[in-house]
Amino acid sequence: MDEQKSPVRFERGTDGPKVIVAGLDGSDSSWRAAAYAAGLARRQNALLALVYVQSYLPGGAALGVPVADVDTGVADQLVAEIRASVERLRGTFQVRWEFHTFRGDAYGGLAGAADELKADAVVVGASERAGHRFVGSVAVRLVKAGKWPVTVVP
């Protein structure tokens with residue numbers, strides 16, 4: 001009997017990750033998450049997308065503050081630190097990486113980044129804020145979304 005094979009279709013995450021998104025906000029736990037994600041990206045030959053979510057103040061917009069022009073310089077500082085780290089490791093190992101800045105709340109920005117960049121995995125640092133036990137951390141909200149494998153690095 002002649003059996004016909006259907007064409008193989010790509011499924012996100014089944015061939016190993018191609019894009020790994022790591023949330024980076026300058027906190028110690030986010031740097032650990034970025035380092036962990038870099039190791040994953042290196043071993044999987046995946047693209048490491050480092051994402052900084054620049055929060056905006058909705059109340060500020062209501063008061064007439066030009067939200068689009070607000071720039072804390074944090075993104076520039078993060079890029080400088082990333083480039084310095086990459087330079088220190090030059091010759092040891094290579095990781096393909098990009099840096100992206102999104103605006104919004106941390107969860108919405110990371111979820112939007114993961115969707116837009118077609119992430120196969122998301123890596124975030126554990127929350128260092130005590131209030132997240134009551135409100136819910138970004139990591140918990142990402143896991144509950146159920147769209148991507150999420151790794152939380154302590």
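Here is a short chat about a predicted model and the terms used to describe it.

Visitor: What should I know about the numbering and the model before we start?
Guide: Residues count from 1 along each chain as its sequence is written, and since the model is predicted, local features need pLDDT of at least 70, side-chain atom pairs count only at pLDDT 80 or more, and totals for chains, interfaces and linings use all residues. Side-chain values use heavy atoms, with hydrogens and water left out.

Visitor: What makes something a helix or a strand here, and how many are there?
Guide: Helices are DSSP runs of H or I with at least four residues, strands are runs of E with at least two, and both are numbered from the N terminus. By that rule the protein has six helices and five strands, running β-α-β-α-α-β-α-β-α-α-β from the N terminus on.

Visitor: How do you know that β4 and β5 pair?
Guide: Pairing takes at least two DSSP bridges between two strands. Strand β4 (residues 121-125) and β5 have four bridges, in the parallel sense, and V123 stands opposite T151 in β5.

Visitor: What is the strand order of the open sheet, and which strands are called edges?
Guide: The order is β3-β2-β1-β4-β5, with parallel pairing. The edges are β3 (97-103) and β5 (150-153), as each pairs on one side only. From one strand to the next, the twist averages 25°.

Visitor: What does α6 touch on the sheet?
Guide: Contact means heavy atoms within 4.5 Å. Helix α6 (residues 138-145) touches β4 and β5, and its direction makes about 165° with that of β5.

Visitor: Why are α4 and α6 called oblique to each other?
Guide: Two packed helices are described by the angle between their axes and the distance between the axes. Axes are lines fitted to C-alpha atoms, for helices over the stretch in contact, and angles run from 0 to 180 degrees between N-to-C directions. For α4 and α6 the angle is about 45°, with the axes 9 Å apart. Under 35 degrees is roughly parallel, over 145 roughly antiparallel, 65 to 115 roughly perpendicular, and the rest oblique. So α4 and α6 come out as oblique.

Visitor: Which residues meet where α4 and α6 pack?
Guide: On the α4 side they are A106, Y107, L110 and A111, and they meet V138, R141, L142 and A145 in α6.

Visitor: What makes a residue count as buried, and what percentage of the protein does?
Guide: Buried means under 20% relative accessible area, exposed over 50%, and partly exposed in between, using a 1.4 Å probe and protein chains only. Of the 154 residues, 35% count as buried.
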